[in-house]
Amino acid sequence: MMQPIHFLNGHFVSEDQAVLPVSDLGVIRGYGVFDLFRTYNGRPFKMREHLVRLQNSAQAIDIPFLWSLEYLEDVVHELLARNGYPESVVRVVITGGPSDNGFLPTNEPALAILVTPLRPTLPQVFEQGVAVITVPVRRFMPTVKTLNYIPAIVAVKRAVAQGASEALYVDDQDHLLEGTRSNLFVFHGDTLITPKEGILFGITRRVVLELAQGRFEIQERAISRSELPEVNEAFLTSTTSEIQPVVRIDDQVVGNGRPGPRTAELRTRFLEMANAQTSL
């Protein structure tokens, strides 16, 4: 089988050649940022928005952003053409690069762009919904997509061990914030509610809020664990899982324990919009 083609520091390389030195600060210190997006109909969805967020993430942790957005877009299109997958996931990573003392960067960041085949979410996830757990954790610099995913990995391992698929971060005031790789929404009747502070502002989250305008009342505010018994529907949003219904949070069944019609409506509208924007 042909190896995927990736992009590393100005060169298109096969996967076995896409390697960073073990002394790179992304490896030894976790100093770096990334962003991730997918294709519909073989074309990138919301690529410019993701790259702008990547640029903002790099600036937030003081990594020089040395590439124009247009250059990155051209590289992505070339990678998609070279790999030829029906649908792809694109991951753009910027690391701190080499260091003379193993700690401070020399301002020579590394750029890697990886393209892999999309693994679609199983249909039963949308038909049956998923269970999630909560963990008393807040992400470090939540508005920045850094390479530090230690809390996320630990939390999802705990979730899987309990028969759940995702973990929600909860702050010290018992407010539900976001998933390890997703944003959280709940419905109280026809009111759509999502946290507005202490979270990563997802691109899919933004699209859902736009789709809900004029259809549902929208509240961006803290969601307390104590209000979960009043929640009729809940769902998670992310690049790869799109809109994923949640039917249980810890031991609390959401609504009637089945994916709700409002969530299904938003998912249908999302897919229609995504396919329309990327169709030839």
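Which residue forms a salt bridge with Arg 48, and how far apart are the closest N and O atoms? The legends below begin with that pair. The model is a predicted one, where local features need pLDDT of at least 70, side-chain atom pairs count only at pLDDT 80 or more, and totals for chains, interfaces and linings use all residues. Residues are numbered from 1 along each chain as its sequence is written, and side-chain values use heavy atoms, with hydrogens and water left out.

**View 1. Arg 48 and Glu 73 form a salt bridge.** The partner of Arg 48 is Glu 73, and their closest N and O atoms are 2.8 Å apart. A salt bridge here is a side-chain nitrogen of Lys or Arg within 4 Å of a carboxyl oxygen of Asp or Glu. Because Arg 48 belongs to helix α2 (residues 47–60) and Glu 73 to helix α3 (residues 69–83), the pair ties together parts that are 25 residues apart in sequence. Helices are DSSP runs of H or I with at least four residues, strands are runs of E with at least two, and both are numbered from the N terminus. Arg 48 is partly exposed at 33% relative accessibility, while Glu 73 is buried at 16%. (Buried means under 20% relative accessible area, exposed over 50%, and partly exposed in between, using a 1.4 Å probe and protein chains only.)

**View 2. Lys 46 pairs with Glu 49 in a salt bridge.** Here the closest N and O atoms are 3.9 Å apart. Lys 46 is buried, with a relative accessible area of 18%; Glu 49 is partly exposed, at 27%.

**View 3. Arg 221 and Glu 227 meet through their side chains.** This salt bridge has an N to O distance of 3.1 Å. Arg 221 is partly exposed at 27% relative accessible area, whereas Glu 227 is buried at 11%.

**View 4. Thr 39 sits in strand β3 (residues 32–40).** Thr 39 is buried, with a relative accessible area of 0%. Its side chain makes a polar contact of 2.6 Å with the side chain of Glu 87. A polar contact is a pair of N or O atoms within 3.5 Å; within protein, one must be able to donate a hydrogen and the other to accept it, and residues adjacent in sequence count only if both atoms are side-chain atoms. The Thr 39 side chain also reaches the backbone nitrogen of Ser 88 at 2.8 Å. Leaving out residues up to four places away in sequence, Thr 39 touches residues including Leu 80 and Pro 86, where contact means heavy atoms within 4.5 Å.
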